[in-house]
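Let's learn how to read a protein interface and a nonpolar core, one step at a time.

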Amino acid sequence: MSLLRPLLLDVVPTIQQTAALALGRLANYNGDLAEAVVKGDILPQLVYSLAEQNRFYKKAAAFVLRAVGKHSPQLAQAIVDCGALDTLVICLEDFDPGVKEAAAWALGYIARHNAELSQAVVDAGAVPLLVLCIQEPEIALKRIAASALSDISKHSPELAQTVVDVGAIAHLAQMILNPDSKLKRQVLSALSQIAKHSVDLAEMVVEAEIFPVVLTCLKDKDDYVKKNASTLIREIAKHTPELSQLIVNTGGVAAVTDCIGSCKGNIRLPGIMMLGYVAAHSENLAMAVIVSKAVPQLSVCLSEEPEDHIKAAAAWALGQIGRHTPEHARAVAVTNTLPVLLSLYMSTESSEDLQTKSKKAIKSILQKCTYLPALEPFLYDAPPNILKHVVGQFSKVRDALFSESGGRTFQ
Amino acid sequence: MATLARLQARSTFLAHQYYFRNSAVDVFRKKEYDAAIKIQSWFRGCRIRAYLSYLHRVATVIQKCWRGYLGRQHYQLIVKLEFCTMKMNLYNAMAVRIQKRWRGYRIRKYCFNYFYLKEYLKAVSETNDAIREELEEFAEMKEREEKKADLEREEKKRDYQARKMHYLLSTKQIPGIYNSPFRKDPDPWELRLQKAKPLRSQRPKVKQKRDVNISNRLACTSARSLPQSEILPPIDRKQCQGPFRDITEVLEQRYKPLEPTLWMAEPINELKMAREELRKQEWMRNINDNMFLPFSSYHKNKKYIPLMHSSSKYGPNSYGSQHFRDENPKKWICDKDFQTVLPSFDLFSKYGKLYSKAGQII
């Protein structure tokens, strides 16, 4: 570090650039090296010369700042303290797209850590310039600017509102149609970070007419595009029944169900949660979810996924679907998921979360279930606290239906 | 006196006779009296009994009428009550019918329209199917496009290879490797080679390599660096006769990439040169070479034509442009010039110089 520092002040520009590049690569590799860079007082020198030098140096210096800022919030705070944000924002106005990309990347990494750093980045006036960067023709620059906007808006509703006030949503919505898949990932992630905070923001995102275009992203080859698209739909669906209604009316539930069917593992998780949120709002929406053939898909997820948190999400979603009326409970019970849920609840290997969720799901479905063939297996191997619900349900059914088979089974 | 004595003697007999006669009569009288009484009492009894039974009859009649009257009243009350109850029952039944209809209507129309729900669910499932079809089509379209792009790439690659290997084409004398005489048809590569246009030997790509090195490294988002291509010597030909040097050495010398001096490769004033470059490029694009002067320098656009009054044969008069006062030094009181008591305006102190920085080249 002590050897590289004087090289930064060398007369020959190439030596400066290469020294900066070397520093950047060192800092990029390891957090301790980044701390050493900070402690060696190199940052003020870099920031000072950033303003004056040519574009290669600017790129290298922005690379150093990015490499230092990505490791921890304290290092990012050190970068902010030496006044780098203003110079980075000036770099964002440069003509060369490479410089803009490096500056935007550095800003994105700084803003990623927490809300105060994001606020500092916003206060430096970076957001309008980032929105301008998004409109540039270079794909790499668009990607980085979208990812920076996503990192800024994810922390709090005020920051998301700042991003929206600059008119970012319209540009982001246009870029959903772009064929580049990495760009789509970032754009969808940015929109979902904006939409997740409040109903108004979600409504603004919906007003940008992303439906039904977003549904084509659910069919993309890239898994992360699918994941981010289903995250976006989930964040919109969870706020109010009207938004969920909108998504159902445009056929979003069918698209998400197909998407769940076509991928595995963590990619499925946002889609499963989206179905749960839609069904939770009202019984009509839950009926719409059932009509879109989501329940067989969810039970497949429940049985074949290895990870507990995905199973827990699927159990929760099934509980939300089945808890409204006997019709709904019947639709869930017909697919033979209740025994699976019971076994998950009873198994000792399941995590706490999975057990709690499957127990709640079983209870809420059983309270409305009048479908006797599904209830019968429960009589044999359910634990006592569930058994009392089953017996109660049987008595209700017997009184209501007065059917022979029911009475015989009861006795 | 005899009578008296006779009477006295008879007196006791008379007394006895009197007593006996009275008593016998008495007995008769008593008997008759008792009989009379019996008859009278029996008669009286009859009469009173008749009267009593009459009274009974009459009392019964009165009671009969009264009881009938009371009973009729009671009966009317009951009838009234029954009638009211019957009416109320009827009203209740009708009201229940109306309420039944109204409640059903209300629920169906305002709270939960079963048929509307069914329609809605049907519409939702139809939309779902439509979306599923569209997405399938979209996915298929993407697949097709990708395949097409792949095929095109393959074509281009083969084309390029054919262009590189064009010398393998068969001539009239010598059949090429793809056109063996033992084959019935020539290999498809032969046809491709026939169609291919040979590449130019000098490739301009080499020059750019050194310049773009660093920026490529930074702009590349992956860790892979660009491969550095070298020029290979041509394949062995027959050695030329004579005192010639080794062909590989010669070609190395000939095709050695230019190594400029440090001054040429990384000039110190690269920034200035880059600015010049930029200015030249912009000059190239300019339609009008005259610099756009701001309005504060508007007067510089025009050539100043002086008044005939203030110009003489030998040029313009200095009065009016150089000095504005007609000075007669003989009339001066003292030889010092006027003092400025008030400071001049900052604005006017820049008279003659530009007020704005527009047009100044950085």
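Q: What should I know before I start?
A: This is a predicted model, where local features need pLDDT of at least 70 and side-chain atom pairs count only at pLDDT 80 or more, while totals for chains, interfaces and linings use all residues. Residues are numbered from 1 along each chain as its sequence is written, chains are lettered from A in the order in which they are written, and side-chain values use heavy atoms, with hydrogens and water left out.

Q: How many residues does the contact take from chain B and from chain A?
A: Contact means heavy atoms within 4.5 Å. Here chain B brings 27 residues and chain A brings 34.

Q: How many salt bridges are there between chain B and chain A?
A: Look for a side-chain nitrogen of Lys or Arg within 4 Å of a carboxyl oxygen of Asp or Glu. The count here is four. One of the pairs is Glu143(B) with Lys221(A), whose closest N and O atoms are 4.0 Å apart.

Q: And how do I read a nonpolar core?
A: It's a set of buried (under 20% relative accessible area, 1.4 Å probe, protein chains only) Ala, Val, Leu, Ile, Met, Phe, Trp, Tyr and Cys residues joined through side-chain atoms within 4.5 Å. The largest one has 157 residues, and Leu172(A), Ile210(A) and Ile236(A) have the most contacts inside it. Another core, apart from that one, has five residues, including Trp189(B) and Tyr178(B).

Q: Which residues is Ile210(A) in contact with, leaving aside its neighbours within four places in sequence?
A: Among them are Ala173(A), Leu191(A) and Ile236(A).

Note on methods:
Buried < 20%, exposed > 50% of the residue type's maximum accessible area, 1.4 Å probe, protein only.
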